[in-house]
Amino acid sequence: MQRLVILGAAGRDFHNFNVVFREDPGVEVVAFTATQIPDIAGRRYPPELAGERYPDGIPIVPEDELESLIDQGVDRVVFSYSDVSHEYVMHLAARSVAAGASFEMLGDAALLESVRPVIAVTAPRTGAGKSQTSRKLRRILADSGMKVAAVRHPMPYGDLVAQRLQRFGSYADLDAADVTIEEREEYEPYIRDGAVIFAGVDYEAILRAAEAEADVIVWDGGNNDLPFYRPTVHICVLDPHRAGHEVTYWPGEVNFRRADVLVINKMGTAPPDGIETVRRNIELHNPDALVIEADSTVTVEDPASVTGRRVLVIEDGLTLTHGEMAYGAGTVAARDLGAAELIDPRPFAVGSIAEVYKKYTHIGPVLPAMGYGDAQQAELKETIEASGADTVVIGTPID
């Protein structure tokens with residue numbers, strides 16, 4: 001029997017296990033590893049989800065323990081998370097092989113088939129504009145008379161058993177599920193539009209539930225991950241602010257190469273040389289795709305509260321952290337509206353918020369919307385209140 005370790009970040013790793021490895025008698029998954037997301041390591045993938053072959057569940061350990069796990073008799077390491085450079089992936093491959101295990105990534109084996117048409121929206125990097133594109137597609141389809149179910153890439157950071165299959169159609173549903181800030185950012189805009197969005201851990205169960213009430217499934221991808229469902233139409237949203245990343249990040253390059261439609265987003269703010277680099281890479285690597293150029297328009301509810309004021313900008317957390325952006329839409333809005341000062345929150349950061357700045361040194365004078373659990377949300381609140389800002393500009397989809 002082959003012994004496996006699945007490298008993950010509480011998302012794709014669980015899906016790969018559920019679909020490919022859970023019922024395979026020829027393998028034993030001895031551990032998941034965790035990175036990117038705080039407070040995942042030290043838990044277990046519960047036996048209720050792991051199945052009869054794993055009556056005690058499966059431990060989730062820090063990725064730093066990879067070599068010690070392999071030393072305990074691991075044959076294969078399966079890489080199962082997203083939004084990392086090709087160089088980063090190959091360093092993990094080198095660590096695995098040097099320690100004596102093989103290293104692999106799954107392809108179509110982890111794709112689930114739907115009886116409904118599936119429109120998948122992905123990107124080469126997080127923060128490219130996938131969710132806005134997904135919501136626009138849902139509205140177009142709904143306006144044409146179709147019943148549409150959106151399915152969101154997983155963000156299961158709480159009680160995994162309770163989060164097995166989640167359906168959000170109201171703000172009360174979000175409150176009942178005690179979702180994180182990151183989850184609210186993705187779910188609330190759908191609810192405001194009168195739509196339903198599914199998420200969770202068991203994506204086959206989620207798919208069957210969505211199919212039961214929809215004519216079309218819209219896959220709203222997370223990070224730059226691959227779709228979990230086989231797309232009827234595959235759309236990839238490109239960000240010319242990070243030109244070239246479409247061919248240097250895993251698994252975003254796969255999305256870029258496989259997409260039927262490529263959307264060059266943020267045309268109104270991207271540098272011309274970045275746009276040209278993206279166009280050149282399209283010609284080299286996916287010349288048959290339909291190319292659409294789009295603006296990601298930044299709007300502000302109360303411009304007068306920004307102009308001439310001392311402003312604290314809060315941006316999407318993951319876009320700033322492993323998305324490697326120094327700023328986002330909130331910063332663009334504050335600058336365009338003539339803020340007197342963009343307050344640097346780093347001197348006021350406390351606890352885990354301060355640790356984020358230490359780890360991601362590229363982040364500029366903006367505050368990442370990190371809120372994984374009550375303690376971190378309290379630290380985020382304390383940091384905001386200590387800033388002395390006249391106005392807070394929130395560059396995420398929620399308040």
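Is Asn16 buried or exposed? The notes below answer that and then walk through the rest of the chain.

1. **Asn16.** This is a predicted model. Asn16 counts as buried because its relative accessibility is 2%, and the cut-off for buried is under 20%. Asn16 sits in helix H1. Leaving aside neighbours within four places in sequence, Asn16 is in contact with Phe21, Ser80, Leu106 and Ala110.

2. **Helix H1.** Helix H1 covers residues 12-21. The helix is mostly covered, with eight of its 10 residues buried. Those buried are Arg12, Asp13, Phe14, His15, Asn16, Phe17, Asn18 and Phe21. Two of these names, Phe17 and Phe21, return in the next point.

3. **The largest nonpolar core.** This core holds 74 residues. The residues with the most contacts inside it are Phe17, Phe21, Tyr45, Val151, Tyr203, Ile217 and Tyr229. Take Phe21 as an example. Not counting residues up to four places away in sequence, Phe21 touches Leu4, Ile6, Asn16, Val27, Val29, Arg53, Arg76, Val78 and Leu106. A second core is separate and has 22 residues. Val61, Leu69, Phe79 and Val254 are among them.

4. Ala10 lies in the loop between strand S1 (2-8) and H1. Its phi is near 65°, a positive value in a residue other than glycine. Most residues other than glycine have a negative phi. Ala10 has 2% relative accessibility, so Ala10 counts as buried.

5. **Asn223, another positive phi.** For Asn223, phi is near 50°, again positive in a residue other than glycine. Asn223 is in the loop between strand S12 (216-220) and strand S13 (233-238). At 12% relative accessibility, Asn223 also counts as buried.

6. **A cis peptide bond.** Look at the bond from Trp250 to Pro251. This peptide bond is cis, with omega near -10°. Most peptide bonds are trans. Pro251 falls in the loop between strand S14 (249-250) and helix H9 (252-258).

7. Gly317 belongs to helix H11, residues 317-320. Gly317 counts as buried because its relative accessibility is 3%. Which residues does Gly317 touch, not counting residues up to four places away in sequence? They are Pro368, Ala369 and Met370. Gly317 and Pro368 are 51 residues apart in sequence. In space, the C-alpha to C-alpha separation of Gly317 and Pro368 is 4.3 Å.

8. **Contacts across the chain.** The pair above can be set beside the whole chain. Of the contacts with a separation of 6 or more, 79% join residues 24 or more positions apart. Buried residues make up 55% of the 399 residues.

9. **Overall form.** The chain has 14 helices and 20 strands. Its C-alpha atoms fill a box of roughly 65 × 50 × 45 Å along the principal axes. Why does the radius of gyration agree with a compact globule? With 399 residues, such a globule would have a radius near 21 Å, and the chain has 21 Å.

10. **Surface and charge.** The chain exposes about 16400 Å². Carbon and sulfur atoms supply 50% of that area. There are 36 positive and 62 negative side chains. The centres of the two sets lie 2 Å apart.

Methods. Residues numbered from 1 in each chain as written. Predicted model: local features only at pLDDT ≥ 70, side-chain atom pairs only at ≥ 80, totals over all residues. Heavy atoms only, no water. Core = buried A, V, L, I, M, F, W, Y, C linked by side-chain atoms within 4.5 Å. Buried < 20%, exposed > 50% of the residue type's maximum accessible area, 1.4 Å probe, protein only. Contact = heavy atoms within 4.5 Å. Helix = DSSP H or I, 4+ residues; strand = E, 2+ residues; numbered from the N terminus. Rg over C-alpha atoms; globule rule 2.2 N^0.38 Å. Areas by Shrake-Rupley, 256 points an atom, 1.4 Å probe, with all protein chains shown as cover. Lys, Arg positive; Asp, Glu negative; His and termini not counted. Charge placed at Lys NZ, Arg CZ, Asp CG, Glu CD.
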